[in-house]
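I opened this notebook to keep track of what I looked up in one structure, entry by entry.

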Amino acid sequence: MNRLARIVWPRSLAGRLVLLLVATLAIAQLLLITVLQTQNDSFIAGIVRGQALSQTVTLVRLIETMGPEDVDRLTSAFASRGFCAWVSATPPDPRTMTRAEERLANLLSRRLHGVASGRPDVHIDTEGTTWDRSCPERTGDDAPWLRRQTGAPSATPQEQRPGFGAVALSVPLSDQRWLHLNALVSLPGIWNPATLLSFLISSLAVSCVTVACVRLQTSSLRSLADASERLGRGETVPALDLRGPAEVVAATLAFNTMQQRLSQFMHDRMRLLAAISHDLRTPLTTLRLKAEFVDDQDVRADIVATIDELVAICEATLAFTRAEATSEDTQTVDLDALCADVVEEFASVGADAQMIAAGSPVLLPCRPVALRRALRNLVDNGVRYGHSARVSVLRPSPGTVTIRVEDAGPGLPEDLLEEAFKPFVRLEPSRSTETGGMGLGLAIARSIVKAHGGELTLANHPEGGLKAEIVLPTAGSTPGSDEPRR
C-alpha cells in the first residue's frame, strides 16, 4: 500500500499541487455534469408541464375524427405566438433521438395510445432555429420578440436567443401523413441558479483543496524556518525530521548536515584549544620555577613577566573561544531586569552606572549568562574610559530590541570604530580587566551578540561620548544585522 502511494503521490511540490488541482477540477466537473443533467431534466419537465403535449394529443384526436378538408382550418386555429402545426406527407428527417428526446417520445406515445398509427418523433432544439425554419407561412415578423436588428435599420435580422428553445413533434397519422408541431419553450438563462451553484461548487472545492494542500505541504517549511531562526540565535536545535516534498526534504537534509558540521567544528575547536592550553601550562609552569633560580634579579623579573604574558594570552584566547561556543541553554528572560542587574553590579562598587527606565518589559529568548557577560564588558568600558555608563532598552522597530550603552568619554576616531572589535587590538591599554588588557572585551561582546543572531555597533554621540548598541531579534522575527549608526 505504501509503495503504491509513493508511485501515485508525486515527490515534488509542483507535482503534488498539479495532481490535487486536477483531481479537484475533475470532481467539480462531475458535479457540474450532475447539475447540468438536472437542468436538462428541468427543461424536459417544462415541456411536459407546458401545453405542447396536450395540444398535440388534442389536435391528433381532432384530425383523426374530422375530414381532410378541415385539417388546415384546425391547424390554423391551434396556431399561436409560440405554437404552430401543419400536416404534410413528408416525414421528419431521419435522425437518432437523444435519451431526453426518447423519454419525451415515449411519454407522447403513451398519451396517444389508440390514436396515432406509429411512434412519434421528437427533436429538441435549444438554439431555437427550428421555429422559423419549419413553420409554414411564418417568418420572424410573426414573432419579432425572437429577433433583434443589428446595424442599420435595413440590415438582415439576426438570430436572437433570449432564453427560448424549440421542440419539434412529428406524429404519424392514419392516412400515411404526418402532423408536425413546433412549440417554443423557455430555457434557463446563462446566469441561472444552476450556473451560480456550479461556480460556487467549483470555487469552494478548489479553494478548500488549495488551502489544505498549501498548509500541509508548507508545515515542514515552517518547521525549517523556526529551526533556522533558533539556530541563528545560538540555540541547540535537534535534527529535523525528513518529511514533505522532495524540495523540502533536500533543504531539511542540507540544514541538518550544516548544523552537524558546525557543531562538530566548534567542538573540535574547543577541544584543540583546551589541549593547547593544557599542554602549554606545564612547560610555562616549569619555566617559571626555573626562572626563580636565576641569580640576576633584573633578568629573572624580565623572564617572569614574559611567562606571565604568555599565560595571559592563553587564558584570553580560551575566554574568547568560550564566548563563541557555549553550551548554555536558551531561556526567556526579562531584558530590562537583566540589564538592571548588570548596572547594579557596577553601581554597588561606586561606579557611575545608571539604568534608564523604559516602557513595558521586553521578554527575550537568550542565553542570559553569555548576554550578561557581553553587556558587562560594554558597561565596564563605559565606566572605565567614559567615566559613566547609561543603559537603556529600546524597541525601534517590530521584531527587534536594542540595548544602548552610552558614556561621557572622549569617544573614538571614526576610522577606528570597527577596528576596536578585532581580537587583541588595544586602542587604549587594559580595556578589559577580565582578559588582562589583551584587547578582547569588545571582540567577546560582539561574538556573543552574533551568536544570538544580533549585531553590536559603536558610534560617537553628537553631544560627545561613545554609544554602543546591541540589536537583537525577538521571538518570531528573522535574525538580521543593522548597519552601524553614525
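**Entry 1: the whole chain.** I counted the secondary structure and found twelve helices and 13 strands in the protein, where helices (H or I, at least four residues) and strands (E, at least two) are DSSP runs, numbered from the N terminus. I noted that this is a predicted model, in which local features need pLDDT of at least 70 and side-chain atom pairs count only at pLDDT 80 or more, while totals for chains, interfaces and linings use all residues. Residues are numbered from 1 along each chain as its sequence is written, and side-chain values use heavy atoms, with hydrogens and water left out.

I then looked up burial, and 38% of the 486 residues of the protein count as buried; buried means under 20% relative accessible area, exposed over 50%, and partly exposed in between, with a 1.4 Å probe and protein chains only. For contacts, which means heavy atoms within 4.5 Å, I took those between residues at least 6 apart in sequence, and 67% of them join residues at least 24 apart.

**Entry 2: helices α3 and α4.** How do α3 and α4 pack, and at what angle? Helix α3 (residues 52–65) packs against helix α4 (residues 71–78) at an angle of about 160 degrees, and their axes are 10 Å apart; axes are lines fitted to C-alpha atoms, for helices over the stretch in contact, and angles run from 0 to 180 degrees between N-to-C directions. The angle makes α3 roughly antiparallel to α4, since angles under 35 degrees count as roughly parallel, over 145 as roughly antiparallel, 65 to 115 as roughly perpendicular and the rest as oblique. I recorded the crossing of α3 over α4 as right-handed; a crossing is left-handed if the near helix is turned anticlockwise from the far one by less than a right angle, and right-handed if clockwise.

On the α3 side the contact is made by Q55, T58, L59, L62 and I63, and on the α4 side by V71, L74, T75 and F78.

Leaving aside neighbours within four places in sequence, Q55 is in contact with F78 and F83.

**Entry 3: helices α10 and α11.** Next I turned to helix α10 (residues 335–347) and helix α11 (residues 368–386), which pack at an angle of about 45 degrees with their axes 10 Å apart. That angle makes α10 oblique to α11, and α10 passes α11 in a right-handed crossing. The residues that make the contact are L335, L338, C339, D341, V342, E345 and F346 of α10, together with P368, L371, R372, L375, R376, V379, D380 and V383 of α11. I sorted the residues of the contact of α10 with α11 into ten nonpolar, no polar and five charged.

V343 is found in helix α10 too, and at 5% relative accessibility V343 counts as buried. Not counting residues up to four places away in sequence, V343 touches A353, Q354, M355 and V391.

**Entry 4: the cysteines.** How many disulfides does a search of the whole structure find? The search finds zero disulfides, a disulfide being a pair of cysteine sulfur atoms within 2.5 Å. C339 is in no disulfide, and the nearest cysteine sulfur, that of C366, is 9.5 Å away, which is too far for a bond. I checked burial as well: C339 counts as buried at 0% relative accessibility, and C366 counts as buried at 1%.

**Entry 5: two loop residues.** Most residues other than glycine have a negative phi. Q176 has a phi near 70 degrees, a positive value, and lies in the loop between β5 (164–172) and β6 (178–186). At 67% relative accessibility, Q176 counts as exposed. For H387 I also noted a phi near 70 degrees, and the place of H387 is in the loop between α11 and β10 (389–394). H387 is exposed, with a relative accessible area of 58%.

Terms used:
Ala, Val, Leu, Ile, Met, Phe, Trp, Tyr, Cys and Pro count as nonpolar, Asp, Glu, Lys and Arg as charged, and the others, Gly among them, as polar.
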